[in-house]
Amino acid sequence: MSTELANIIHQPLTSEVVKSYLVNGNGNVTDQEVAYFLALSEKQGLNPFLKDVYLIKYGEQPAQVITSKDAFMKRAESQETYSGYEAGVTVINLQGTMERREGSMVVQGEKLVGGWARVYRKDREKAAFDEVGIAEYSTGKSTWNKMPGTMIRKVALVHAMREAFPEQLQGMYTQEEMGSVIDLDPIAVEESSAPLRTQAQAQRDYKLMTECKVELAKIKGITEDEAGRELLSLANKPLQQMSDEDYKLYLAKSLEYIDKARENEIPFGKEEPQEQPALSTEEIQF
C-alpha cells in the first residue's frame, strides 16, 4: 500500500467529510446522525474508507448505520474465545416436516421459513443459538429475491455472533438485518458499467471540491457549509456512487457554477476575492 493511500485510509473523520462523501441514499443526514456514525466508527475501530461501515439515509427516514458483513465477521472471529459456528436454513421439506439444515440450499417444492446459527466459545459449555423467520426480514427485492436462503442464513449468523460477543459487537448491524428498512443492492453495484472511484481518486476530488467550496463562499459571502450544500445540489447522484467520469462532469459543473456566481452574484459591497486566481478546468490534473 502506498504512503499516500495509507494516509487517505487512516485520516481522521470529520462531520464535513462524512456529509460530503460517506452518505448513501438521497436523504440529508442530521448533525446528530453524523455524530453517532463518527462515535460508533471510532469506538469499534471501523473505517468507512475501507467500507467497514456505511451511513445510509433515504428521504425523511431515520439514518441507518450499517456494518459490512466482512468487518462484522472479522471482529467476531478475532476474539480469543471464538471456537467456530454452524449455520443454515429452516425449511418445510418435501415430506411436509420442518427441517434445519446446514448451508443455504432450498430445493424446488420446499418452503423456506427461516435461518438458524450456533456460535461456539471456548469458555462456555453451551453455544449461542438463534433462529429467525424470513417473513420478519425479507424485503422480497434485489438480493432477498435472488438469494433468500443465503440472506436469511446471514441474518441468523450475525444474531448468534452478537449474542456470543455482545460487548465486542455492540451497535454493529449488517445490511441483511436492516433490509426491512433499507434495501441496498450490492448486485446492482457490481453490474454497474463504470467502476466507482478509488480511494485515491476520492481524496483528490475532496481536495478539489474543498477549494471550490472555499472560493464560492468568498464570492457569495456565505459560510463554507452553505457553499458546500449549493455545490452538492448540482450532483445528479450521491457522490459515493459516482465513477471517475461522473465526478469529472460534476466538478466541471461546479466550476461553471462558480464562474456564474463570480459574474452575477457578488453581494453588494463585497469585492471579488483576489487572494487566489480562479479555478479552471485546465488547471485540474486528473
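## Basis of the model

Helices (H or I, at least four residues) and strands (E, at least two) are DSSP runs, numbered from the N terminus. This is a predicted model, where local features need pLDDT of at least 70, side-chain atom pairs count only at pLDDT 80 or more, and totals for chains, interfaces and linings use all residues. Residues are numbered from 1 along each chain as its sequence is written, and side-chain values use heavy atoms, with hydrogens and water left out.

## The chain overall

The chain holds 11 helices and 7 strands. Of its 286 residues, 43% are buried. Buried means under 20% relative accessible area, exposed means over 50%, and partly exposed lies in between (1.4 Å probe, protein chains only).

The accessible surface of the chain is about 15,900 Å², and carbon and sulfur atoms account for 49% of that surface. Areas come from the Shrake-Rupley method with a 1.4 Å probe; for residues, only the protein chains shown count as cover. Among contacts between residues at least 6 apart in sequence, 61% join residues at least 24 apart. A contact means heavy atoms within 4.5 Å.

Two strands pair if DSSP finds at least two bridges between them.

Strand 2 (residues 53-56) pairs with strand 3 in the antiparallel sense, over 4 bridges. Within that pairing, Val53 has Thr67 of strand 3 as its bridge partner. Axes are lines fitted to C-alpha atoms, for helices over the stretch in contact, and angles run from 0 to 180 degrees between N-to-C directions.

A second open sheet has 4 strands in the order 5-4-6-7, with antiparallel pairing. Strand 5 (98-102) and strand 7 (128-133) stand at its edges, each with a single partner strand, so one side of each is without a neighbour in the sheet. From one strand to the next, the twist averages 20°.

Strand 4 (residues 82-92) is joined to antiparallel strand 5 by 5 bridges. Ile92 stands opposite Met98 in strand 5, and Gly88 stands opposite Glu102. The hairpin of these two strands has 5 residues between them, and there Gly96 takes a positive phi near 85°. Helix 7 (residues 148-164) packs on the sheet. Helix 7 touches strand 4, strand 6 (111-121) and strand 7, and its direction makes about 30° with that of strand 6.

Strand 4 also pairs with strand 6 in the antiparallel sense, over 9 bridges. There, Tyr85 stands opposite Val119 in strand 6.

## Surface sites

Leu94, Met105 and Val107 form a nonpolar surface patch, with about 300 Å² of accessible area together. Patches are made of residues with over 30% relative accessible area and no salt bridge; like charges are joined within 9 Å, nonpolar side chains (Val, Leu, Ile, Met, Phe, Trp, Tyr) within 5 Å. A salt bridge is a side-chain nitrogen of Lys or Arg within 4 Å of a carboxyl oxygen of Asp or Glu. Val107 lies in the loop between strand 5 and strand 6. Its relative accessibility is 32%, so Val107 counts as partly exposed.

Asp246 sits in helix 11 (residues 244-264). Asp246 is partly exposed, at 22% relative accessible area. Asn236 is 10 residues away along the chain, and the C-alpha atoms of Asp246 and Asn236 are 8.9 Å apart.
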